[in-house]
Amino acid sequence: MTLSEVEEVSGHIGNFRVKVRQRARYIDEKECTACGKCAEVCPVVVPDEFQQGFSSRKATYIPYPQAVPSAYLIDMGRCLGNNPVACDKCVDACEKQCIDLNMPDKEVELNVGVIIVATGMGVYDPTVLDEYGYTRFENVITTLEFERLINAAGPTKGHLVRPSDRQTPRHVGFIQCVGSRTENRGNPYCSNVCCMNTVKDSLLIKEHHPDTEIYVFYMDLRAFGKGFEDLLRRSKEAGVHYIRGLPGEVTENHPTRDLCLRVENTTTARVEEYDLDMVVLSVGLEPTQDLKRLASLLNLSQTPDGFVMESHPKLRPVDAPTPGIFFAGCVESPKDVKDSVTQAGAAAARSAILLNAGAVKSQAIKAVVDLANCTSCGVCARVCPYGAITVDVKAKRGAEVVVAACAGCGTCAAECHFDAIAMQHFTDAQILAQINAALEEEPEQKVLAFLCNWCSYAGGDLAGVSRLKYPASTRFIRVMCSGRVDESFILWAFEKGAPVVLLSGCHLGDCHYINANHWTMRRADKLWDRLEKLGIRPERLQLEWISSAEGTRFSQVMRGLEEMRRKVTPDEIRHTRKVLADYRLSKEAEETSEDKESEAAEV
Amino acid sequence: MEQKLKCLRCGFEYTVRVEPNKAPRERVCPKCHSNSVRKISSK
């Protein structure tokens, strides 16, 4: 479906319902033979976006030569108007009568088992980097614009000319890392493809015009793929000059429109000047602008860079954390064609496995609702990262868990104030029993740590296999996600006499359960406030994000906690136990009186 | 918006700029790199 936009997604793996708005083409794509007569008579001329504005198109157009379907469409935003009809020339010119200026948009509802997200990437806008003069000098262009100029299907039929005077440039400069690998103006990550794209472009110029002098200004050249080093060597052998240093300024000579580029060559430690006919800015890649909207539609999490986050970087690199959703291409990170095709193949294969199975295995660890306790408050539905819980708050219909969509993080169970949700295999009773066992003997000598399965516990594993030492006083309780750790577990641990309690999970943005650890952080904030109100030092509850690769950090944190433990006095522990026991009894008494009141009201 | 924070490991207090509508960011003590960093209300 072309010209289409996803408006709504609901459901879960195996049963997604997707609402798509297909915008009107105003030309029947099945009838159109792409004869082009409508475009010939169209009086509206606008810059051609595909040719980067180097040529023009009509309001009736085919976006690019290989567009599918091979049929014209009308850009109604540019058309002279259909209400009332102001021009109508295309309608008269169309022999097959396939133009309908009143064609409406279509809303299509699809029922699909899996979703593959392959929405591509955007390109960094270099207008903010004023020192390169992109907005001021006509002969400063981007790599995308250069691509159209050198392309046989481009506006110049592949003849390289510079925009100001249509003359073949004899001295061309490429500036690398424009908008990439910078903390200030641009993105901190490497865009992956720019170095090899420039190497390829330099060879293309040398093939067309062997006498052209080409200068590539770079900070590092990254030629790490198969055959890439060979291509770079060929480029150097062809006479392309590689200069290590990013230019500080590009200036223009007014009558000739030639450019002068000043750069500190870091290999010679000298400031050099280069006279060039044309400068190409090797712009980096970015997530598409509407990716945030799509991410919220599909419950996807995004990395700080804005790209979507995969379920596991090594073991499930094309899977979204939400089951049944896969990624292909630059939506996940900047990558070249080969990697995109590889990823697309993997995503298609992963989808086919699910679709051919015909049934989905649900997680053994999942939320189970006790409707007798459920008050239909809706908190569980609000905190579920997967949208796997539905509650009809108005109709007071209790929570329902979509088993296929539940991933088993346990955030709902931890946030439920009425103990109406139990996590299979990680029930409250099971975790409280572990706390009791851990603190049964000499609790004042122990540090109790709640660790998430995927990161912190794995970090502890790494510390172990790396033979890193950490104090023997630590006692670990593994939970699937730090989001599972209920406030009551921590208060109970303190009441049992724990001097220090650690709550540890994945780094924010790395959570195995999309963003469940955001709730962990909020809970820690609340708990620190509560402990302070109760007269307990909030420092005794520690929060640390430890990844599975941070064995050293795990060991350091544990050693730090042991130091803290030694500073907690027996008197302080006794006071804490008394305060928390009183607090728990008063809460229980409150709940009992509330129950009695509601029973009386029912009677 | 500015937010005052206190590290519950080393006691270091500092201020950061926060954007209310953005996803929460990891709080890391600039002194000891601990994540046990607590928001301090201005009251």
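**Entry 1: crossing of α10(A) and α12(A)**

I looked up the handedness first: α10(A) and α12(A) cross in a right-handed sense. My convention: a crossing is right-handed if the near helix is turned clockwise from the far one by less than a right angle, left-handed if anticlockwise. The model is predicted; I took local features only at pLDDT of at least 70 and side-chain atom pairs only at pLDDT 80 or more, while totals for chains, interfaces and linings use all residues. Residues are numbered from 1 along each chain as its sequence is written, and chains are lettered from A in the order in which they are written.

I then took the geometry. Two packed helices are described by the angle between their axes and the distance between the axes. Helix α10 of chain A spans residues 428-438, and its axis lies 10 Å from that of α12(A), at an angle of about 20 degrees. Axes are lines fitted to C-alpha atoms over the stretch in contact, and angles run from 0 to 180 degrees between N-to-C directions. The pair therefore counts as roughly parallel (angles under 35 degrees; over 145 is roughly antiparallel, 65 to 115 roughly perpendicular, the rest oblique).

Which residues meet? From α10(A) I listed A:Ile431, A:Leu432 and A:Ile435; from α12(A), A:Phe489, A:Trp492 and A:Ala493. Contact requires C-beta atoms, placed from the backbone, within 7 Å. The contact residues divide into 6 nonpolar, no polar and no charged. Here Ala, Val, Leu, Ile, Met, Phe, Trp, Tyr, Cys and Pro count as nonpolar, Asp, Glu, Lys and Arg as charged, the others, Gly among them, as polar.

**Entry 2: α12(A) itself**

Buried needs 20 or more other C-beta atoms within 10 Å; 12 or fewer is exposed, in between is partly exposed. Among the buried residues I noted A:Ile490, A:Leu491 and A:Phe494. After the helix comes A:Gly497, with a positive phi near 110 degrees. Helices (H or I, at least four residues) and strands (E, at least two) are DSSP runs, numbered from the N terminus.

**Entry 3: A:Val263**

I found A:Val263 in strand β15 of chain A, residues 259-265. Buried or exposed? A:Val263 is buried because it has 22 C-beta neighbours inside 10 Å. Beyond four places in sequence, its contacts include A:Phe217, A:Ile243 and A:Glu272. A:Arg244 is 19 residues away along the chain, with 9.1 Å between the C-alpha atoms.

How values were computed
Two residues are in contact if their C-beta atoms, placed from the backbone, lie within 7 Å.
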